Amino acid sequence: MNKQLNPRQIKTIQNFWNWFQDNEQAIYNACKLEINKDEVLFHLQRNLNYVSKRIEYFITKHPQDENKLKVFLTAHGYRKLFPKMKALEENIPILEFFSIQVYIIPFNTQEPTIPYNMVETIKNTFIKLEDYNTVTKKIILTLYCHEKIMQLNIKKVERHAYLLLLFTLGEVKYKKHIYDFNCEVMPQNTNGLLSLSELPEFIDYLAKINYSRKIKIFFE
């Protein structure tokens, strides 16, 4: 994780931000107004691929400024990419229409860094713990999604669930603690289920206790 980038790698990252800054207006128009969207996002992805094909971006509404958009950059918790992520963060240029967040951090109900609609989706998605490995500290979950989501094909359902977990836990905690997850339709009665927004605190709780009868209530 402490691996130093060579000058060529740093220059590639600087070139990416120079390209982004030079094309900021076009990227904003593509995302906000869908002007030449496919072409602009193709070039955005192409330029990011020069940095790493495993680093992904998400562009969303800004949680505090309706005149801006927000770009999230994530390495999905892969620590080998953290030196590049750090360099990306250190070289963020001054931008007019975007704010940049490098790394996806855990969901914070008091100061959310994600848009309101995503906050509401996380709060209104429910989960059930299916298994917990006390050695690895990894869990298996069932996510209960709305029927409209469950009507999508399986890959889109899994992608939806993954992103919800990623933005709830943050990329580091997701990779550390999530072994697997299943998706089911939201039941009419959600008594006994946890809100997805409670998952970060719940994982912290699980990590502090030993396996006992006390934890078995979550598998019932």
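The questions below concern the salt bridges of a predicted model.

In this model local features need pLDDT of at least 70 and side-chain atom pairs count only at pLDDT 80 or more, while totals for chains, interfaces and linings use all residues. Residues are numbered from 1 along each chain as its sequence is written, and side-chain values use heavy atoms, with hydrogens and water left out.

Q: Why is the contact between Glu34 and Lys37 called a salt bridge?
A: The term requires a side-chain nitrogen of Lys or Arg within 4 Å of a carboxyl oxygen of Asp or Glu. The closest N and O atoms of Glu34 and Lys37 are 3.9 Å apart, so the pair qualifies.

Q: What makes Glu34 exposed?
A: Exposed means over 50% relative accessible area, buried under 20%, and partly exposed in between (1.4 Å probe, protein chains only). Glu34 has 55% relative accessibility and therefore counts as exposed.

Q: How do you know that Glu56 and Arg159 form a salt bridge?
A: Their N to O distance is 2.3 Å, which meets the cut-off. Glu56 belongs to strand β1 (residues 56-61) and Arg159 to helix α7 (residues 154-169), 103 residues apart. Helices (H or I, at least four residues) and strands (E, at least two) are DSSP runs, numbered from the N terminus.

Q: What is Lys173 called by its relative accessibility, buried or exposed?
A: Lys173 is buried, because its relative accessibility is 17%. Its salt-bridge partner is Asp204, at 2.7 Å from N to O. Asp204 is partly exposed, because its relative accessibility is 36%.
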